[in-house]
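Trainee: Good morning. May we read a structure together, one feature after another?

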2 protein chains.
Amino acid sequence: MKANDPSIHSWIQIAPDCDFQLQNLPFGIFQTVDRDPRVGVAIGDYIVDVYALTQHRLFDMLDIDDPTVFHRPYLNDFMALGRPIWRQVRERISELLRNDNPEIRDNRELMYECLVKQKDAQMLMPVKVPNYTDFYSSIDHATNVGSMFRDPANALLPNWKHLPVGYHGRASSIIPSGAPIRRPKGQTKPADADAPVFGPTKQLDFELEVAFITGQATVLGTSLTTLEAEEYIFGLVLFNDWSARDIQAWEYVPLGPFLAKNFASSISPWVVTLDALEPFRVLGPKQDPKVLPYLEYSGDGNFDIQLDVTLQAPGLEQEISICRSNYKYLYWNMNQQLAHHTVNGCNIEVGDMYASGTISGPTPDSYGSMLELTWRGTKPLQLPDGTERKFLHDGDIITMRGYAEKNGIRVGFGEVRTEIMRAL
Amino acid sequence: MKANDPSIHSWIQIAPDCDFQLQNLPFGIFQTVDRDPRVGVAIGDYIVDVYALTQHRLFDMLDIDDPTVFHRPYLNDFMALGRPIWRQVRERISELLRNDNPEIRDNRELMYECLVKQKDAQMLMPVKVPNYTDFYSSIDHATNVGSMFRDPANALLPNWKHLPVGYHGRASSIIPSGAPIRRPKGQTKPADADAPVFGPTKQLDFELEVAFITGQATVLGTSLTTLEAEEYIFGLVLFNDWSARDIQAWEYVPLGPFLAKNFASSISPWVVTLDALEPFRVLGPKQDPKVLPYLEYSGDGNFDIQLDVTLQAPGLEQEISICRSNYKYLYWNMNQQLAHHTVNGCNIEVGDMYASGTISGPTPDSYGSMLELTWRGTKPLQLPDGTERKFLHDGDIITMRGYAEKNGIRVGFGEVRTEIMRAL
């Protein structure tokens, strides 16, 4: 793919530490005061208005019958066109932005029509999510949770290394970066109480995750192999799976998390395509015991994506780093997750979101939740102002960032940033 | 509501045991060889083509700006208009079908345009389902399961009487009556094996449930009280929550059922409105211990709906009754379920489906699943041909039916009928 060539450069000036280099070109949905919601592609500090490109006949050579797929409030209709079109569009935009291409570079009016400053735009949900599944694929996270709540000697449940454990989450409450969340209320059962009590959660937590989005559908009753799975994946976003640990502890038996999770999940608004992440493939961990044949995957199934979480507490001027993890730590890769999800014939839809589960690394500074970072509140985080955090407070802002970097090329996700508002 | 008056009669002849009396008027989506998918209302053996009513100006007096909401492949856009419109439409259709109304009765051409024989139509999914939640609200079912898998002396988990336990299910694989299901494959762990094996489920089961459908949306961060909840509910359908018990037993810890459920759920195609069920309200069971204030509901929160399940085995000419239960057995009612679901701010959407969980009654012949009817396979069902059933076989057909009856008026759901195809 020419668009991934490290040697190409844009006529747009891009800072070296910017997430949106020419080799990235992530897709999202934006609006401005004079542009209604539509498809955009991030480049440096700008957004390419993809619909405007079609209106100025810059996509005429592509196999797109209906250019209004770029003039929609979600990416779904564009994604439904399939991988060959995703590639054509990304390659063409790459070409238009390259420093040797004069089509927009030398046309001030076109530039004005087709480029919007990111600071003038509002990013919206990139996709309409028909189904959302959350996996549990980090071995360090599952081990930490099992150690805390069950038995450190047998932290992983018997099924964990045989299948990518997952469960269904709530699609309706997935929101984009910038939208605040409200501290949820619910039932909890204090250890010393006879009956549950009702009130705001006292153990609000983030979970550092990455989600992939499917851009193609399957028919109910059919399955995808691990080799086919990837052809259905459009791209990835950062995913903060907000959790209320005290609500979860009381409600989750026997059918799993429910109100402890479904009050909100936050995502980064730019979908980084699987194509753009191609150079950052790495081998996953060795899987022992051997997995069943339908889950086998050889080759580089993981991606080296650095993931960071910061906390900005009210009254503190600077955000502080509280977690540095990596997507490559996942035990189960995307292909395995999707093959497992469909092995019983479950169908997938365009826009579905499949989150990884909390991505913790092997070291305590790489744990992807407050639950693990403070070891269930027993080791509070110390803040620069002398206060501490066991779980999250009202007014706290959690920001997750992610990027891959290799051969001097950075492909980043931007951020998902969320402020916590007090309970109503 | 005049439409519920037991004394009204239609100019259409309707057999007394028919589910679709004039007092019912359930909504669905149908198509025929010459009518594309659109909204219909069942009456006797016929379907009223609601879009045709609007085209013939029979809805002109209603507050409907855009009659094409009835010319859509789902009820969602009609439902989004809200309860006053749902009522206007049902009342107007009732009026048009009453024996004292000549508008259609005395106009052969109109009759031909507006009525379709059910046998000439195909029923489709009535709604596009953005979110699907499954509750676990039958105390007999939860007690049976707890007795079988945990401890008969402490069958209910500590949270069960304090909150309506629920979990998220898969929206994409909900299918209408008539669509067959494919026996799913997956991982199971035989008791005597060291490692899991892969293959078709050996413990395929049905679950007798009823689901309500929301016709209005809420904003993320807001909650519904038990009194408000009902205003958001459009109607109910029969719901068969297919389950693979052996897959479930291996996968479900710690995050709940996943592939054991998401291969398919089947629903009856006619949505019986909450308005039509109004005469069949009954008091729910006494809740002890007292529930938290946000879950309190006084008044007749349950509905007396007789529920029947039959099995037709290959080679047997007659279907046999295997379960007779009732919706009124639910410990938690719809209003409590929806108030609980939203108490943390989780938003609901138009078309969401909320299933009850398996509805078992207190007696063994009222258990709503094979798991309970055969007590985990230890008491197989004896079939007339001398064979037996622990769980379901390929070629078996499960049919669920439901109806309410009072003062000589029957309001029925029709059926959800599903054949099991062998695994591929």
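Mentor: Let us begin with a convention for records: UniProt positions are given in the numbering used here, feature names are shortened, and annotations may be inferred rather than shown by experiment. This is a predicted model, in which local features need pLDDT of at least 70 and side-chain atom pairs count only at pLDDT 80 or more, while totals for chains, interfaces and linings use all residues. Residues are numbered from 1 along each chain as its sequence is written, chains are lettered from A and ligands numbered from 1 in the order in which they are written, and side-chain values use heavy atoms, with hydrogens and water left out.

Trainee: Which residues of chain A does the UniProt annotation cover?

Mentor: The unreviewed UniProt entry places "domain: Fumarylacetoacetase-like C-terminal" on residues 133–418 of chain A. Helices (H or I, at least four residues) and strands (E, at least two) are DSSP runs, numbered from the N terminus. Over residues 133–418, chain A is 14% helix and 31% strand, and the end C-alpha atoms lie 21 Å apart.

Trainee: Is A:His340 buried or exposed?

Mentor: Buried means under 20% relative accessible area, exposed over 50%, and partly exposed in between (1.4 Å probe, protein chains only). A:His340 counts as buried because its relative accessibility is 2%. This residue belongs to helix α10 (residues 334–342) of chain A.

Trainee: With which residues is A:His340 in contact?

Mentor: Contact means heavy atoms within 4.5 Å. Apart from neighbours within four places in sequence, A:His340 touches A:Leu163, A:Pro164, A:Tyr294 and A:Leu295, together with B:Phe258 and B:Leu259 of chain B.

Trainee: Where is the peptide bond cis, with omega near 5 degrees?

Mentor: That bond runs from A:Asp288 to A:Pro289. A:Pro289 sits in the loop between β18 (281–282) and β19 (302–303) of chain A.

Trainee: What is the phi of A:Asn407?

Mentor: Phi of A:Asn407 is near 50 degrees, a positive value in a residue other than glycine. A:Asn407 lies in the loop between β25 (397–406) and β26 (409–421) of chain A, and it is exposed because its relative accessibility is 65%.

Trainee: What rotation superposes chain B on chain A?

Mentor: Copies are superposed by least squares on the C-alpha atoms of residues with pLDDT of at least 70 in both. Here a rotation of 180 degrees, with 0.0 Å of shift along its axis, superposes chain B on chain A (RMSD 0.0 Å). That is the relation of a two-fold axis. In chain B, the C-alpha nearest the axis is that of B:Gly256, 2.2 Å from it.
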